[in-house]
Amino acid sequence: MSANIVEAVGLGVTFGGVHALKNVDFRLAEGELRCLIGPNGAGKSTFFKLLTGQYSPTRGSVTIRGHSTRGLQSHQIAQLGVGIKTQVPSVFNGLSVEENVWLSARRTAKGVAASKAVTDTLDMTGLGHLATLQAGVLSHGQRQWVELAVVMASRPALVLLDEPAAGMSDEEVMRTAKLIGAINQRCALVVVEHDMEFIKMIARKVTVFNRGEVLLEDTVERVLVDERVRDVYLGRELAMKG
Amino acid sequence: MLKHLPSSASLILGLGAMFLVPTFVETFTLMEVMVYVIMSILALSLGLVWGYGGILCFGQAAFFGLGSYTYAIAMLNFGESSFALLLAIAVPALFAGALGYFMFFGRISDVYLGVITLTVTLILFNLVNSTSGGRFHIGSAPLGGFNGIPSIPTLHVPGFPERTLDAQALFAVCVAFLTAVYIGLRLVLASHFGRVLVAIRENEKRADLLGYDSRKYKLGAFVLGGGIAGLAGCLFANWGAFTSPTVFSLAQSAQVIIWVIVGGVGTLFGPIVGCFIVQWLTSYLGTLSLINPNLVLGLVLILFVLLLPKGIVPLLQKGALLAVGSLRRTRP
């Protein structure tokens, strides 16, 4: 087994002639926390979908915890210990928060151990007081946390978070940042985020995506002062506003 | 305690009905109620597949029909009714397994799933319909084309072919099966399998990303539903000692869906209630001979979809909860 939990080599995917992702090399060490940034359409979410088997790569390969994911279905990749929080909160809306978390905990543990995992996860995410409520009636921010709890309850080795702080108030963002720190104590993390303040709170190493490629990979301080990063971000933002 | 309330209540209700109804009602009414009971089992099968598995199957009648034909053919060939009964559950379940394998593992979307199940029913209808004449037989059982198979021997006490069940005993058996299926399904839904099934209905992608193979769970529910529908078909063949291609008809499939909608999708009690009410209404309107029952059925369906899309049982549950709540509030 390699020391890297994720190794993507020459990864690319093409949709009807459009290169959504071209030739991405990405390595993540055990226990690492990595942030992915980049303008809209840079391929971050596509990259997550390739890692979790929601898309099959056109080129290249992904190895997770020493297993090639070629030909594996989403649920098989999840069974390797990969948890993902999708961009739009994806929970079981009609079920209680507790049931949501139990469904995840029960896949890797049985009986009392599963119940304990549910209690632990609800404590960790501070959702204990919402346990009996239906996930669908909660606010957007609360559903984001429910999804984090659901992802954590199966005790994954690798967690992918797609915009975990999107649509949250400042206070909620702070709490999420703390939560992400706690999650990182347990497993490796990849976080996609747009909010630079949030990135500064949590990140050490950052990978910048642009137009389906890795533009650069460096520490957060250096990335934030890099001219190219400013160009792709500001250029795009100015173009959008203009 | 409250958790076991529905199961215990249904057990008491079932036992009561088994012994009391045959003693107090005349045979004509007994036969009428018996067909409601049998169809309730069919309604429950769709209640599981659609209400909990989220699979809108337009062809539940296919499994019902297969069950009734399997029973008839097995009975005429082997003469042991317990074996025929088991086959009448196993054959539709296997058929559902094969059909479901291609649909779920082929990741067919919901709309096409409806089309495929509907088409399969119609194919079976036409297939069986065109088997008139002596050339078409399985073993010693002639298939009979659109005339169906008459004089099917009724269930008998296991091992004693000469001790056939009379109407009263058959009624008790049907009620016992309905109660068993109801309680069995409640247990299934409380199990890990059932809870994951409901989760898949809520959000299939999320379930997949948690590591559950949603295809297997849906297939499992589909096979279970097929087996239960087959059981209903077998009992239906017993009820009239007769089966014909109409068990595969479009009307049969559509009726089941109406029962489930009227009673309440996503409940187990709902399909039974809906089945009883709609069938009673149809037969009552039939005796009045004032208006075409199908016209009224259509109207009932439209009214329910527009005004009460969740069905009767969820409405009653809500009403009961509100009543309990107001009682608690008025207490000092």
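## Helix α5 of chain B

Helix α5 (residues 110–129) of chain B has 20 residues, and from first to last C-alpha it reaches 29 Å, close to the 28 Å expected at 1.5 Å a residue. The model is predicted.

The buried residues of α5(B) are B:Leu113, B:Thr117, B:Val120, B:Thr121, B:Leu124, B:Phe125 and B:Val128. These residues lie on the same side of α5(B) because they cover an arc of only 135° around the axis. An α-helix has 3.6 residues a turn, so residues three or four places apart point the same way. On the face turned away from the buried side, α5(B) carries the exposed residues B:Val111, B:Tyr112, B:Asn126 and B:Leu127.

## The sheet of chain A

Chain A contains an open sheet of six strands with mixed pairing, in the order β6-β7-β8-β3-β9-β10. Strands β6 (82–85) and β10 (213–219) of chain A are the edges, each pairing on one side only. On average, neighbouring strands of this sheet are turned by 15° against each other, direction ignored.

Within the sheet, β3 (residues 33–37) and β9 (residues 205–210) of chain A pair in the parallel sense over four bridges. A:Leu36 has A:Thr207 in β9(A) as its bridge partner.

## Helices on the sheet

Helix α1 (residues 44–51) of chain A packs on the sheet and touches β3, β6, β7 (158–162), β8 (188–192) and β9 of chain A. The direction of α1 makes about 150° with that of β7(A).

Helix α6 (residues 170–186) of chain A lies across β3, β7 and β8 of chain A, and runs at about 145° to β8(A).

Definitions and conventions: Residues numbered from 1 in each chain as written. Chains lettered and ligands numbered in written order. Predicted model: local features only at pLDDT ≥ 70, side-chain atom pairs only at ≥ 80, totals over all residues. Pairing = 2+ DSSP bridges. Helix = DSSP H or I, 4+ residues; strand = E, 2+ residues; numbered from the N terminus. Axes fitted to C-alpha atoms, helices over the stretch in contact; angles between N-to-C directions. Contact = placed C-beta atoms within 7 Å. Expected span 1.5 Å × (residues − 1). Buried ≥ 20, exposed ≤ 12 C-beta atoms within 10 Å, placed from the backbone. Arc of directions from axis to C-beta.
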